[in-house]
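Q: I would like to learn how to read salt bridges, surface patches and cavities from a set of coordinates. Could we work through an example together?

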Amino acid sequence: MGFEETIRKMFFRKPKIELEGGADDNKPAVPEKVSVRCEKCRQILLSGELDNNHKVCPKCGYHFKIGARERITALCDNGEFTELFAEVVTPENCDFPGYDKKLEKAREESGESEGAVVGIAKIAGMHAAVFAMDHRFMIGSMGHAVGERITRLFEYATLHRYPVIGFALSGGARMQERITSLMQMAKTSAAVGRHSDAGLLYISVLTNPTTGGVSASFAFLGDIIVAEPDALIGFAGPRVIEQTTRQKLPAGFQRAEFLQQKGYVDLIVKRTEMKARLGEILALHAGGKA
């Protein structure tokens with residue numbers, strides 16, 4: 001019995017469904033939405049199996065990108081999360097050609113009003129301020145609204161004396177907003193500084209990719225820097241660096257494991273273990289008190 005027939009008998013009855021791919025385009029004939037191909041090892045995985053493993057490939061450990069709310073829900077106790085500052089969005093009628101349409105498309109594709117979700121959660125019984133960036137919203141790029149949401153969250157956490165856990169994922173500053181986007185680097189960094197001066201903990205989790213103005217500001221200002229395995233982390237991409245320096249970069253350059261060897265990353269934590277490890281760090285910092 002072939003793979004196609006086995007899958008159909010396991011998961012489908014009448015009516016017969018159309019299959020993707022086939023011999024003509026060298027793609028395996030697999031029912032749509034029932035399976036997915038791993039981007040690293042190229043193995044075919046059942047979607048349910050992948051979902052149950054926090055979108056981590058059980059074959060090779062590749063971490064698929066996930067949405068901001070999906071990441072936050074997996075981290076919080078009972079998935080409970082109180083969102084803050086959702087009213088902060090990018091102003092309409094920006095004079096950059098086509099920007100309004102890009103924003104509209106990003107909102108439709110992501111289901112989010114902006115590229116970062118921020119709020120308060122309980123993790124391992126302890127309160128914490130949490131933010132996560134969403135790759136589906138213009139590659140998690142940072143404009144005015146993203147910077148403002150993250151800044152306000154740090155200010156709120158400072159006022160209420162909460163630790164902050166932030167999941168960075170970004171292609172960099174949103175250049176459609178010109179200098180306003182670059183100003184977010186200084187603004188978010190200042191807010192992190194005030195939070196730190198108050199003696200409060202900030203855990204920065206770097207996911208794939210964390211680049212550009214985000215990596216050059218709040219992403220690398222954490223008291224503890226955590227990264228997901230094999231995450232691309234840096235300012236400019238490796239191709240740009242090679243073209244600029246005209247030098248061949250070392251193997252694994254700008255990947256999480258390379259940065260840990262160089263002292264830029266403290267811990268590399270699998271997504272399936274993230275909640276437990278972050279809970280341990282919060283408990284250690286709190287002296288065991290919720």
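A: We may begin with a single residue. The model is a predicted one, and in it R69 has a relative accessibility of 34%, so R69 counts as partly exposed.

Q: With which residue does the side chain of R69 meet in a salt bridge?

A: The partner is E83, with an N to O distance of 2.9 Å. This pair links distant parts of the chain, since R69 belongs to helix α3 (residues 68-75) and E83 to strand β5 (residues 81-83), 14 residues apart. E83 is likewise partly exposed, because its relative accessibility is 29%.

Q: How many salt bridges does a search of the whole structure find?

A: The search finds 17. Among them is the pair of R152 and E148, whose closest N and O atoms are 2.8 Å apart.

Q: Where do R152 and E148 lie?

A: Both are in helix α5 (residues 144-160), and their spacing of 4 residues is about one turn of the helix. Their accessibility should be read residue by residue. E148 has a relative accessibility of 16% and therefore counts as buried, whereas R152, at 28%, is partly exposed.

Q: Which residues are linked with R152 in a network of salt bridges?

A: The network joins R152 with E87, E148 and K187.

Q: Are E177 and R174 buried or exposed?

A: Both residues are buried. They form a salt bridge in which the closest N and O atoms are 3.9 Å apart. The cut-off for a salt bridge is 4 Å, so this pair is counted.

Q: Which residues form a nonpolar patch on the surface?

A: The patch consists of M175, I179, L182 and M183, which together have about 400 Å² of accessible area. I179 is placed in helix α6 (residues 179-197). The relative accessible area of I179 is 54%, so I179 is classed as exposed.

Q: How does one look for empty space inside a model?

A: The general idea is to roll a probe the size of a water molecule over the atoms, which shows where empty space is left. In this structure the count comes to 1 cavity of 30 Å³ or more. The largest cavity holds about 50 Å³ of space.

Q: Which residues line the largest cavity?

A: The lining is made up of H63, F64, K65, R71, T207, N208, E228, P229 and R271. By class, the lining residues comprise 4 charged, 3 polar and 2 nonpolar.

Conventions:
Residues are numbered from 1 along each chain as its sequence is written. This is a predicted model: local features need pLDDT of at least 70, side-chain atom pairs count only at pLDDT 80 or more; totals for chains, interfaces and linings use all residues. Side-chain values use heavy atoms; hydrogens and water are left out. Patches are made of residues with over 30% relative accessible area and no salt bridge: like charges are joined within 9 Å, nonpolar side chains (Val, Leu, Ile, Met, Phe, Trp, Tyr) within 5 Å. Accessible areas come from the Shrake-Rupley method with a 1.4 Å probe; for residues, only the protein chains shown count as cover. Helices (H or I, at least four residues) and strands (E, at least two) are DSSP runs, numbered from the N terminus. Buried means under 20% relative accessible area, exposed over 50%, partly exposed in between (1.4 Å probe, protein chains only). On a 1 Å grid over the protein atoms alone, a cavity is a set of points where a 1.4 Å probe fits but cannot get out, and a pocket is an open set with protein on both sides within 12 Å along at least five of seven lines; lining residues have an atom within 4 Å of a point. Grid points are joined across faces, edges and corners, and a volume is the space filled by probe spheres set on the points. Ala, Val, Leu, Ile, Met, Phe, Trp, Tyr, Cys and Pro count as nonpolar, Asp, Glu, Lys and Arg as charged, and the others, Gly among them, as polar.
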